[in-house]
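Hello,

Here is the structure you wanted to look at. My notes follow below it.

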Number of protein chains: 2
Amino acid sequence: MTRSPSPQVLISEVGPRDGLQSVKATMPTADKLRWIDALAAAGLREIEVASFVPAQLLPQMADAAQVVRHALRHRGVRIMALVPNLRGAQAALQAGAQKLTLPVSASPAHSMANVRKTPEAMVDEVRAVLRLCKESAPGVPVEVGISTAFGCTLQGLVPEDEVLRLAVLLAETGVHEIGLSDTTGMANPAQVGRLFRALFREIGDLTGAAHMHNTRGLGLANCLAAYEAGVRTFDSSLAGLGGCPYAPGASGNVVTEDLVFIHLPKLIAAREALKAGLPGEPLYGMTPEAGLPKGWPGP
Amino acid sequence: MTRSPSPQVLISEVGPRDGLQSVKATMPTADKLRWIDALAAAGLREIEVASFVPAQLLPQMADAAQVVRHALRHRGVRIMALVPNLRGAQAALQAGAQKLTLPVSASPAHSMANVRKTPEAMVDEVRAVLRLCKESAPGVPVEVGISTAFGCTLQGLVPEDEVLRLAVLLAETGVHEIGLSDTTGMANPAQVGRLFRALFREIGDLTGAAHMHNTRGLGLANCLAAYEAGVRTFDSSLAGLGGCPYAPGASGNVVTEDLVFIHLPKLIAAREALKAGLPGEPLYGMTPEAGLPKGWPGP
């Protein structure tokens, strides 16, 4: 164990952003809002509700501002938005987003495909977003998720030193949290534990979320390895929706219903709201089918 | 980490036994043999090929002796058989089985449903099987898997003290290995780590395999927790087939193809042999669909 953190775990629901950007269909706005309401009702404390990217690139996210404004009614929930650049950050802050997250790829190939910038240019973008927040929204924390931290379907292996070098560079910008994303579903538990332990050594408490995909069934095992390395924030997606339009072969996120053993009946109700908005889309998750173990929780 | 074991991991393939006893169809003998040949070709070093139970109870296993005799041609593979009692052990040894495994339930309710005996009566049966092996097959080790060690769909929670008491009782019989089985798919990683660490404290190196199911998607995370507690033998099943006819609601085993990162092309070929023998049966596994991560294995 790298440090002795508080036992409190935060589940950051990314379905409305990572999930909806990865399916071909565009969920109607009214369905999105009902789904987000159901997620809030299930007790989730942080929800990434939208991505502020140009509508011609991701038409699924054209209603991002409206979605953020609606979601703000849930007082106990921190409403996050993904922003790829300064322009996105301006729009997200204007809509009222309470936390921003920027993706910075450790793989130059993925970085160019995903945001058309080198990793270094993205670090500059992070600096610009931090300046903007300082000026106009000082209470809004900025998180960076290092994408393709465990491998890239475009370039193959991603050297761990590269990931750590990028993390140190990002830490120097003053960003509030730096997480690691297995964007492509290539991570294994030994690698996850090793890299998060190294990250804690390099940047300490700036270490942020583990964002794991379930492409090879290892999503939960990777979360466990990250937990044992000291990570306490986990991204997951209701029904496992998710992927990356620019990471060929990557498939769904860790399934929220499989990751947590809380609020399960309400989480399953939230699946109904998702199903209503995306008819015909395959939903993942073992626990929703199996139900809770008999006698759980125990005495 | 409870002990510093050798890093060598043994994957014990249970599909031909646990998998085939759990599906309604009976796989034709010729298909079974081809499937077992493909598993051996994939490099598996231990295969549980059959269960020696009365054919009127499990018609899928009526050809157990023939299957064992055929499988013995694979010199580098240890051929195991499940036996519920002395009579089954006699038949298995006569067929040439090289290792026997007996299920002893920690839950009296499951024990009665599964083998119509109390756990204590099953310990007596283990003693009888050990005497038989000593007399007639001294080179054949006997393993016990403690079923429902992490919970029971019939009785609910299973006290950990009960599991440990049973393990100590079994250790005193002279049995060679004692593993823990999550027969019902109710285990979580914290529980798995805790119980295996306690088991190592009580019976040391007699601690055997982790037999995990994937009912709630936690199969691999539970294997990881067991590994970290010191376990080095893992039961898994090609395509995740498996369950227990007397554990309602339990579903498939940990998927061999998701557990290991070796011999993957040959393991996928073994799925074809399985598919040919069980047409229409749903097969599980994320890795067979996703393929190996790009650039794996690394430099």
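A:Ala239 is buried because it has 25 C-beta neighbours inside 10 Å. (A residue is buried if 20 or more other C-beta atoms lie within 10 Å of its own, exposed if 12 or fewer, and partly exposed in between; C-beta atoms are placed from the backbone.) A:Ala239 sits in the loop between strand E8 (233-236) and helix H10 (256-259) of chain A. Its phi is positive, near 65°, and it is not a glycine. Most residues other than glycine have a negative phi.

Before going on, the ground rules. This is a predicted model: local features need pLDDT of at least 70, side-chain atom pairs count only at pLDDT 80 or more, and totals for chains, interfaces and linings use all residues. Residues are numbered from 1 along each chain as its sequence is written, while chains are lettered from A and ligands numbered from 1 in the order in which they are written. Helices (H or I, at least four residues) and strands (E, at least two) are DSSP runs, numbered from the N terminus.

B:Arg116 also has a positive phi, about 60°, and is not a glycine. It lies in the loop between helix H5 (108-115) and helix H6 (119-136) of chain B. Buried or exposed? B:Arg116 counts as exposed, because it has 11 C-beta neighbours inside 10 Å.

Now the two chains. Chain A can be laid on chain B with an RMSD of 0.0 Å, by a turn of 180° and a shift of 0.0 Å along the axis. That is the relation of a two-fold axis. (Copies are superposed by least squares on the C-alpha atoms of residues with pLDDT of at least 70 in both.) In chain A, the C-alpha nearest the axis belongs to A:Ala221, 1.9 Å from it.

The contact takes 28 residues from chain A and 27 residues from chain B. (Two residues are in contact if their C-beta atoms, placed from the backbone, lie within 7 Å.) On the side of chain A that touches chain B, helix H9 (219-229) gives the most, with four residues.

H9(A) deserves a look of its own. 11 of its 11 residues are buried, so H9(A) is largely enclosed by the rest of the structure. Among them are A:Ala221, A:Cys223 and A:Tyr227. The buried residues of H9(A) pack against elements of chain A, including helix H8 (189-203) and strand E7 (207-211), and also against helix H8 (189-203) and helix H9 (219-229) of chain B. A:Gly230 follows H9(A), with a positive phi near 120°.

Last, the strands of chain B. Six of the seven residues of strand E4 (residues 99-105) are buried, so E4(B) is largely enclosed by the rest of the structure. E3(B) and E4(B) run parallel, joined by three bridges. (Two strands pair if DSSP finds at least two bridges between them.) B:Met80 has B:Lys99 in E4(B) as its bridge partner. E4(B) also pairs with strand E5 (residues 142-147) of chain B, in the parallel sense, over six bridges. There, the bridge partner of B:Leu102 is B:Val144 in E5(B).

Best wishes
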